[in-house]
Amino acid sequence: MVTLDKAFTAEGSPNIALIKYWGKRNERLILPHNSSLSITFDHKALRTVTSVMFSKKLKKDIFYLDGKKQDLNDRDIRERFSIVEKMRRMAKTPARVIVVSQNYFPTASGLASSASGIATLVYVINKALGLGLNAKEMSIIARQGSGSASRSLFGGVVVWNKGKRHDGKDSFAQQLFKEDYWPQLIDNIVVVSTSKKKVPSRAGMRTTVNTNPLFKQRASSAQSRLAEIKKAFKAKDISKVAECTIADSNEMHALMLSTIPSIRYLNSASYAVMDAIDELNAREGKAIAGYTFDAGPNANIITISKYQGKVTRALSRLKKGGMILYVKTSRLGEGPRILPESRSLIKKSMLGR
Ligand code: 2P0
């Protein structure tokens, strides 16, 4: 049942892909060339809080992101907001909606803000419109807003299966391991820059698919690495997880670099982080930590508690040298959840009436 004039609020977290998604076989439905695997952050480390209220008293949809009113005529925002329209049609309601979303981490700096934003939005709208969708159904809708959002509907270790169908009904994420599966696993979120990325992921992926002759090999390479990392997670083998993570990040960034024109998201601080982790692993004689970078220069370093001290020391040296702004740590986190009414972000002044 649709609930009108009542605010619903949810929180959700971004995810970091260890086997990366970079390239679509269908742009409209957002269907990837290869499956991907991610870990979901802890709500305490990074999170998005989103409130929605559907009302027939609203003249049009209103969307606030990080305190700023967004222009729903902007193409990128409109494309992503189309999932709201889709869900509204499913609920057969003409009511307009106000959406107020707040990211508690830097937006558009390669920290997957669209993933948690869209996953949390789909989750809270499902509640407000009483659609009763399950996580798989919500993942399919979120995917059409942003590919990586399909994975943020779940906590723990998550796989987005690429699917084979043309209509995308078999392209959704599933939980591989729950958030309490490997309590020793730690992700270090290493922020070296908070500035907005130069090339949006969507445009970058398109150029890679269209211009890069190396892209042909990417799908099979990612699929076999996915099989390898799944086994490594099953065995809780941090060395193998770290090796696969490093290899897949480097493969994706090599693809970006060899795109025409070249796309480069990493900067000198990113390379300094890579050097530090490579040196640490070499000193240990095995991989004890793995780095991965998304569409931005910030790093994620995964390790386990017994090696965390060594990772922290390596990163502190870079911080002293001015290469790193700050580091946050996260364990495996949960999927989205509904918050109490008192946590609503919707203020009367935002309603414009
Ligand atoms: C990933 N990234 O697997 C990869 C790795 C960035 C690098 O998914 O066009 O915002 O909305 O599907 O999901 C970021 O791209 O792109 C991304 P769209 P999305 O996490």
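Reader: Domain bounds here come from an automatic or database domain assignment. Into which domains is the protein divided?

Author: Domain 1 comprises 8–182 + 341–350, and domain 2 comprises 185–330. The model is predicted, with local features requiring pLDDT of at least 70 and side-chain atom pairs counted only at pLDDT 80 or more, while totals for chains, interfaces and linings use all residues. Residues are numbered from 1 along each chain as its sequence is written, and side-chain values use heavy atoms, with hydrogens and water left out.

Reader: What separates the centres of the two domains?

Author: Taken over C-alpha atoms, the centres of domain 1 and domain 2 are 24 Å apart.

Reader: And how many residues are in contact?

Author: Contact means heavy atoms within 4.5 Å. By that criterion, 38 residues of domain 1 meet 51 residues of domain 2.

Reader: How much area do the domains bury between them?

Author: The size of an interface is often given as the accessible area lost when the parts come together. Here the buried area (accessible area, 1.4 Å probe, that two parts lose on being put together, summed over both) is about 3900 Å², with 66% of it on carbon and sulfur atoms. On the domain 1 side, K20, W22 and W182 supply 26% of the area buried against domain 2, more than any other three residues.

Reader: K20 is among those three. With which residue does K20 form a salt bridge?

Author: The partner of K20 is D294, and their closest N and O atoms are 2.6 Å apart. A salt bridge is a side-chain nitrogen of Lys or Arg within 4 Å of a carboxyl oxygen of Asp or Glu. Three salt bridges are found across the interface of domain 1 and domain 2, and a search of the whole structure finds 20.

Reader: Which elements supply the side of domain 1 that touches domain 2?

Author: Strand 2 (15–19), strand 5 (36–40), helix 1 (75–91), strand 10 (157–160) and strand 11 (173–177) each supply at least two residues. Strand 2 gives the largest share, four residues. Helices (H or I, at least four residues) and strands (E, at least two) are DSSP runs, numbered from the N terminus.

Reader: Helix 1 interests me. How far apart in helix 1 are R75 and E79?

Author: R75 and E79 are four residues apart in helix 1, so about one helical turn separates them. Their side chains meet in a salt bridge (3.2 Å, N to O).

Reader: Changing topic: which residues come nearest to the ligand?

Author: Y21, K24, G147, S148 and R151 come nearest, of the 18 residues around the ligand; a residue counts as near if one of its heavy atoms lies within 4 Å. A polar side-chain atom of K24 lies 2.7 Å from a ligand oxygen atom, and one of R151 also lies 2.7 Å from an oxygen atom of the ligand. For R80, the distance from a polar side-chain atom to an oxygen atom of the ligand is 3.4 Å.

Reader: Finally, the backbone. Which residues does a cis peptide bond join?

Author: The cis bond joins I260 and P261, with omega about -5°. P261 is in the loop between helix 6 (238–257) and helix 7 (268–284). Elsewhere, D5 has a positive phi near 60° although D5 is not glycine, and D5 lies in the segment before strand 1 (8–12). Most residues other than glycine have a negative phi, and most peptide bonds are trans.

Technical notes: Polar contact = N/O pair within 3.5 Å; in protein donor to acceptor, adjacent residues only side chain to side chain.
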